[in-house]
Amino acid sequence: MAEIVSVSVVALDPVLEAGTRSALTACPDLLLARPEEARVAVLTVDRLDEAELDMLRTTRATPNRPAVVLVAGAFAPGDVLHALAAGARGLLPRREAATPRLSQAVLAAARDDCTLPPDLLDQVLDTSGAARHGSGAGAGNGLSERERSVLRMVADGHETAEIAQRLAYSPRTVTTVVHDITHRFRLRNRAHAVAYALRAGLL
């Protein structure tokens, strides 16, 4: 039997809050909870400005330290990097935040995985790549193509077995690649590895 994950909703707009609650209630693996008891918090905003980033940081800083899934009307490439740096563990445009995608992002965040839709990941990779080429960062400080491939799939929320199957690696190889990255850069876990790689322009 799947573990039930407690989740709360944080929103300034009551209409956005009601819609998010409705989507979460439809997932049997999720249980709506009070903010101080939630394992994951879904932060729903119209756009991502400094005030919304402060809300994200404040939510992460509460005593129960919930993982945060951020749902916004739209994301600019810079928004994605700022949200990851502020501690978001999942990002979804509102148009994609129906029950299946939203519940998948919440469950991934509860496992401390980082989830980005492919279009957001592409935006971030484009931005990071431009920054990397502009800064003249050397290849010796970056990631191998195999490491990039694995981290891209981790960022998209795929499990180890699925990554192994899609990339034609063994599950042990995938686990070793992620471990090597986290050890080399002194990172805490898979989500931290993805966020670090994106911010540093390594992907």
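1. Five strands make up an open sheet, ordered β2-β1-β3-β4-β5, with parallel pairing; two strands pair if DSSP finds at least two bridges between them. Strands (E, at least two residues) and helices (H or I, at least four) are DSSP runs, numbered from the N terminus. The edges are held by β2 (30-32) and β5 (88-93), each with a single partner strand, so one side of each has no neighbour in the sheet.

2. The model is predicted: local features need pLDDT of at least 70, side-chain atom pairs count only at pLDDT 80 or more, and totals for chains, interfaces and linings use all residues. Residues are numbered from 1 along each chain as its sequence is written, and side-chain values use heavy atoms, with hydrogens and water left out.

3. Within the sheet, strand β3 (residues 40-45) pairs with strand β4 (residues 67-72) in the parallel sense over six bridges. V42 stands opposite V69 in β4.

4. Helix α4 (residues 99-110) packs on this sheet and touches β1 (5-11), β2, β3, β4 and β5; contact means heavy atoms within 4.5 Å.

5. M153 lies in helix α6. Is this residue buried or exposed? M153 is buried, at a relative accessible area of 11%; buried means under 20% relative accessible area and exposed over 50%, with partly exposed in between (1.4 Å probe, protein chains only). Apart from neighbours within four places in sequence, M153 contacts H158, I163, R166 and L167. The C-alpha atoms of M153 and L116 are 9.5 Å apart, although 37 residues separate the two along the chain.

Note on methods: Axes are lines fitted to C-alpha atoms, for helices over the stretch in contact, and angles run from 0 to 180 degrees between N-to-C directions.
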